[in-house]
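Me: I am new to this structure and would like to go through it with you. Could we begin with a charged pair and then turn to the helices?

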Amino acid sequence: MIRVKGLRLLYAVVLCLLIFQPGVFSQTGSIVLDEVEGINGFNQLVPGETIKFKFRLTNNTYYSVLSFTNGFRIYSPDGANWQPIVLDTFNLGWSGYFPLGINFGSSGVTGEGADTVAIGGDGYASTGFPNGFDEQVWYIETMVDAADAGKHICIDSSFCPISCYWLWNLSNNSDYSPAWSGEMCFEIAGGDGFYTISSVYENIEDLEGEEIRVLGEYVSPDVSILVASYNDYLKNHLMPMYSDMNLTGILPEQDYWYGGMMIVTGVVTSAPDPYPAYDIDTLEITIDAVAYEYLSPGWGLPVYTPPVKDSRTLDKDYDADCDSCKFALLVASGGRDRYDRPDYWKNLVELWRHKIDNENYCSTNVFVHFDVGNAEDPDEIPHASVDSCTQSRIDSSHQEIARRIAGCRDKDKKSTVQKMFTNHGADDSGVVLVGGYLSPDECKDMQQKLIDSCCAYLYDEFITCFGGDMLNGLKGLDNKKKTQIHTNSDAPDDMVSWSPVIRVLPNGDTVYVPDRYLERKIASLAAGNSYEVAVRDGETAYLDFLRNEILPELRSYIQRLKAFIAAHPHHPDIADVQAWLDETILDTLNINSQLDDIGCPSWVRHTFKEYCEYKELAVRPGGRLELYFQGIGGCGNVTVYEKTGDVADATWKRIKIWNWNLPGSSGYSENNEYRVLHVPDTSSGIYRVHNDNGEFTVDAESFHTTVGTEESPSNPLVFAGFSVGFDDESSAEFYPYSYVTHWAIGIDTVGFNLVNVPAIMSPYEGIERFIAQYYNITDNDWWSDMELYMDILTVIIPGTLVVRCQEADNPEVSVEIESAGEYVIDLGGIVPDEDGNYISFDASEGVSFEWDSWGLRTKVPTWSEYYCGVYNNGYTGNVDCSDPGEPDISDITRLIDYLYLSHKALCCLPEADVNGSGGEPDISDITRLIDHLYITHKPLELCPDTIG
């Protein structure tokens, strides 16, 4: 005998509902189906065994039940038969409760259609069921036949067959209708009787060694497991507990691999789980398959053409010429237990090979953390390069990389670190490791060690569910104004990600391949694209994968589940299947949301230090870029160029001029530090941000949509000068014209394309005389002292270049061009001309050279208002740069807001260095300001002799 799970709980819930219903709390009474004999561990009726439905009566009405009549109905919704039912009582000493006797009644008791039975009793005023009575009182007995396997027997309350009612009469002379636990249906075991995987785990003590039928979806012979939901298997997170089991014995037909839905017949056994993913999931269950009932075939598989790869293997000679200051750290939590997948190892191999083969990394500088520290295939990655995937070992690798970075710094060499996490991610917990998790904060702290050791370039990639959590956590990194940080993920912070796991080759074979996002990104890098473009390409491939492969299969899966639920409406565990359906519907909604609005999150932190320096950004067409400027050096002026044309004929068009982006700079307006760029559907989505002035940091984040945002307009007229070209040791952004005179009209305007600028100045093979007209000039102080900056890439023939600027104080200047490098020519003030101003370059005297970049720029200081201490007699503390006077509570509030709330940039960082530590503001500066204002009144520190 096995108690029906949940009946006691249902009984308690019914009583709670009765107790707390308004107007009913003073009287509660109920009859519940309390226990069933003759069922198996899956709550199925066993053919040939005596079945007893046992009923419990509870009286908490505060009165005795002096008389009662209650009836019950046995029926089948799908045509099952049963032995005619018998209603009888347990031996409770009934004459003591009801001395006038117990009466039974019945109607249509035939074992088909519906059998109805009733029971009633009468007592004296001093007898009946007393208040507080709680006993099993009677039962209904029957049997079922194996011929009705898969059909259902149901039981419910009923009016009595001899014109009586579902009613009690209480000792206060009132009528009372007791609560009933409700209709319950039971499947007849055998035939279509089956277990879900979770129910096997729940009942394994009773099922151990038994041959049973189990509903599930098969993965593949390489990973021979039966799973509750194949789409759960494809997600990059741990599968739910009790949702998979090992499969041995005969294999299903090939058409039902990779998510084929089936019922497996076999003997189930259990053993301790050697690699538990959950603390309480201590068992690993195996079914030894002997037969299959196929319900639907596996997921459709796209034909895959593997890329041609270098077949070289690693050896000492191969490492001889590698770059000792490039480092990589590749992490996957494992591949040996049933919760992990072989493609995670393949992801490690793919990036390992790219780093070694294409990017000149030393094999000894690529740290791999996988499972417990063994290579899955030492021919792909040597055992010596593989460490265990625990938090302590990953932290040790960070420390070792930081140590090596410091060695590169001592040799004046820049260091690069690439990190990839590929495996399971958990919502609000971070990345799954062996024996635990790596949280966003813990990852940030490890990364900070690399930055503190002077890492120049840091790249982070998360191919995990909820990878956006990690990206958001890393935004707290302090790049020390020197580290360029790139982060990207295929999943936002509240969504799962998916991997394709396998592909079909043209010859019909299947192969495990790297993640679609990673594979496309690596291919883009190998083609010579920038990292940001490669990330954008990976995002495009991944979203196409969701749209064209995952979504269609999920929709098909939803229809399968709906049909299955309709065919098994009374199955005891149909709620499990309904849960798979609900989750799959939610998955499709989330994927559509990611496709329509979110995309794949990524952000980059760039530090600009030099004039004409540029940083490349990329975003999917139809999306947007958001830029956040920080710093205290100059004004943070930038020009934004868009890549136009195809790859073979790419040009760069100026689309934005954003001046005064740093709070505290002379022309700053509120919110200038936040800039938004909308990306047209027809755009390449590739941009270059050009530094026109100062040292500053820009955080750039890409988004998949422009909805709810406004694009930031250009503001060119509030500053002086313009720049042409990029400091990239190339003239590719220009064009190799070859004739006497060339004009460029509106060279400083939005819309100007750099292809209109000659690459070579020369009277022989180039432009002899170049005239550039510019319009964005107004009568302000910035134009009162100007200079021409030229970065010469190559000198073909040394000689004299004559520069003419008619409206300048120095209208003609001869420059001797002897060698490549930077040239700065003083022009003095330039007066605006209503028809436009001109600057010309004359190479007629024979000089020939190739440009890298050049521009007109002001020599007037751009940070004049906020010298530290200007409003407080040379002392720190005026955090909000308010009117002259002593600091007050508003300065404390502003510092708290900057450190802990909005993080909005301060107008003058040295003012916020209240304790004069020379470092970034922190809690000690708040404490020092409070002490000065309200406690000791000790004078604040003098400002450093620098511009704030």
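**A salt bridge and some helix contacts**

Reply: In this predicted model, R560 and E217 form a salt bridge, with their closest N and O atoms 3.5 Å apart.

Me: Where do R560 and E217 lie?

Reply: R560 belongs to helix α12 (residues 531–567), while E217 sits in strand β14 (residues 211–218). The pair therefore ties together parts that are 343 residues apart in sequence.

Me: How many salt bridges does the count come to?

Reply: The count comes to 41 salt bridges.

Me: Back to α12, then. At what angle do α11 and α12 pack?

Reply: Helix α11 (residues 516–526) packs with α12 at an angle of about 145°, and their axes are 7 Å apart. The crossing of these two helices, α11 and α12, is right-handed.

Me: Which residues of α11 and α12 meet?

Reply: From α11 the residues are R516, Y517, R520, K521, S524 and L525. Those they meet in α12 include Y531, V533, F545 and E549. By class, the contact of α11 with α12 has nine nonpolar, six charged and two polar residues.

Me: And how far apart are the axes of α7 and α11?

Reply: The axes of helix α7 (residues 342–357) and α11 are 11 Å apart, and the two pack at an angle of about 5°. Helices α7 and α11 are therefore roughly parallel to each other. On the α7 side the contact is made by N347, E350, L351 and H354, and on the α11 side by L518, I522, L525 and A526. The residues of this contact of α7 with α11 divide into five nonpolar, two polar and one charged.

Me: Another pair: are α9 and α10 parallel or oblique to each other?

Reply: The axes of helix α9 (residues 440–452) and helix α10 (residues 467–474) cross at roughly 50° and come within 8 Å. Helices α9 and α10 are therefore oblique to each other. Their crossing, that of α9 and α10, is right-handed.

Me: What meets what in α9 and α10?

Reply: P440, C443, K444 and Q447 of α9 meet D469, M470, G473 and L474 of α10. Four of the residues in the contact of α9 with α10 are nonpolar, two are polar and two are charged.

Me: Changing topic, where is confidence lowest and where is it highest?

Reply: Confidence is lowest in helix α1 (residues 7–20), with a mean of 32, and highest in strand β43 (residues 799–804), at 98. Over residues 1–26 the pLDDT is below 50, and this stretch has 44 contacts in the model beyond near neighbours in sequence. Where pLDDT is low, the predicted coordinates should not be read in detail.

Me: What is the mean pLDDT of the chain?

Reply: The mean pLDDT of the chain is 87, and 91% of its residues reach 70 or more.

Note on methods: Residues are numbered from 1 along each chain as its sequence is written. This is a predicted model: local features need pLDDT of at least 70, side-chain atom pairs count only at pLDDT 80 or more; totals for chains, interfaces and linings use all residues. Side-chain values use heavy atoms; hydrogens and water are left out. pLDDT is the predictor's confidence in each residue, from 0 to 100. Helices (H or I, at least four residues) and strands (E, at least two) are DSSP runs, numbered from the N terminus. Contact means heavy atoms within 4.5 Å. Axes are lines fitted to C-alpha atoms, for helices over the stretch in contact, and angles run from 0 to 180 degrees between N-to-C directions. Angles under 35 degrees count as roughly parallel, over 145 as roughly antiparallel, 65 to 115 as roughly perpendicular and the rest as oblique. A crossing is left-handed if the near helix is turned anticlockwise from the far one by less than a right angle, and right-handed if clockwise. Ala, Val, Leu, Ile, Met, Phe, Trp, Tyr, Cys and Pro count as nonpolar, Asp, Glu, Lys and Arg as charged, and the others, Gly among them, as polar. A salt bridge is a side-chain nitrogen of Lys or Arg within 4 Å of a carboxyl oxygen of Asp or Glu.
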